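Hi,

Here is the structure I said I would pass on. Have a look at it first, and then read my notes below.

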Amino acid sequence: MKPKVLFICVHNSARSQMAEAWLNQFCGDFFEAESAGLEPGTLNPLTVEVMKDARIDISKNKTQSVFDVFKFGRLFAYVITVCGESNAEKCPIFPGSAQRLHWSFPDPSRVTGTHEEKLAQVRAIRDRIRAKIDNWCAEICSTAR
């Protein structure tokens, strides 16, 4: 059974969805990723679009509440918050021996400008998340061998 990783952000609409998708793509043989939000909303259309540019379709993903995940008592090896520091402090403590990590990324829902300018900003966030996941996978998976 693969260790589970939970990514948490505010709305589960962008950053946590991208992190989940990247981890499942890069390290799916080693981990099973899931994501949730403090106040789940709807998928950010800009995020769906930039992930599609990267050949990953998240358009059918659902958002879910971190508190629902908590209530079901699922256990995770890692719980990783990808939101700002103030929101990360609101995340619940999960049962078990999950290792908590915090990776702060800008909020795609706060980008401004024309549609193209917004896409460029969200692509930059996507690429930062991808690089962090790629580096983390390389580090964790190499120590697990």
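**Notes on the model**

Asn 12 is buried, because its relative accessibility comes out at 0%. You will find Asn 12 in the loop between strand 1 and helix 1. Its phi is worth a look too: Asn 12 is not a glycine, yet the angle is positive, near 55 degrees.

Before going further, keep in mind that this is a predicted model. Mean pLDDT for the protein chain is 89, with 88% of the residues at 70 or more. By element, helix 2 (residues 45-53) comes out highest with a mean of 98, while helix 4 (residues 85-88) is lowest with 62. Where pLDDT is low, the predicted coordinates should not be read in detail.

Strands 1 and 2 run parallel and are joined by six bridges. Cys 9 is placed opposite Gly 37 of strand 2. Strand 1 is mostly covered, with five of its six residues buried. Strands 3 (residues 78-81) and 4 also run parallel, with four bridges between them. Thr 81 has His 102 in strand 4 as its bridge partner.

*Helix 2 and what follows*

At the start of helix 2, Asn 44 has a side-chain oxygen within 2.8 Å of the backbone nitrogen of Leu 46. Leu 46 is also one of the buried residues of this helix, along with Thr 47, Val 48, Val 50 and Met 51.

After helix 2 comes Arg 55, with a positive phi near 70 degrees. Arg 55 belongs to the loop between helix 2 and helix 3 (66-71). Is Arg 55 buried or exposed? Arg 55 counts as exposed because its relative accessible area is 80%, whereas Asn 12 is buried at 0%.

*Asp 107*

Another loop residue I looked at is Asp 107, between strand 4 (99-102) and helix 5 (115-144). Its relative accessibility is 19%, so Asp 107 counts as buried, the cut-off being under 20%. The Asp 107 side chain makes a polar contact with the side chain of Ser 109, at 2.9 Å. Which residues does Asp 107 touch once its neighbours within four places in sequence are set aside? Those contacts are with Arg 15 and Ile 125.

*Cysteines*

How many disulfides are there? The count is zero, going by a cut-off of 2.5 Å between cysteine sulfur atoms. Cys 27 is buried, since its relative accessible area is 2%. Cys 83 is buried as well, because its relative accessibility is 0%.

That is what I have for now.

Cheers

Key: Residues are numbered from 1 along each chain as its sequence is written. Side-chain values use heavy atoms; hydrogens and water are left out. Helices (H or I, at least four residues) and strands (E, at least two) are DSSP runs, numbered from the N terminus. Buried means under 20% relative accessible area, exposed over 50%, partly exposed in between (1.4 Å probe, protein chains only). A polar contact is a pair of N or O atoms within 3.5 Å; within protein, one must be able to donate a hydrogen and the other to accept it, and residues adjacent in sequence count only if both atoms are side-chain atoms. Contact means heavy atoms within 4.5 Å. pLDDT is the predictor's confidence in each residue, from 0 to 100. Two strands pair if DSSP finds at least two bridges between them.
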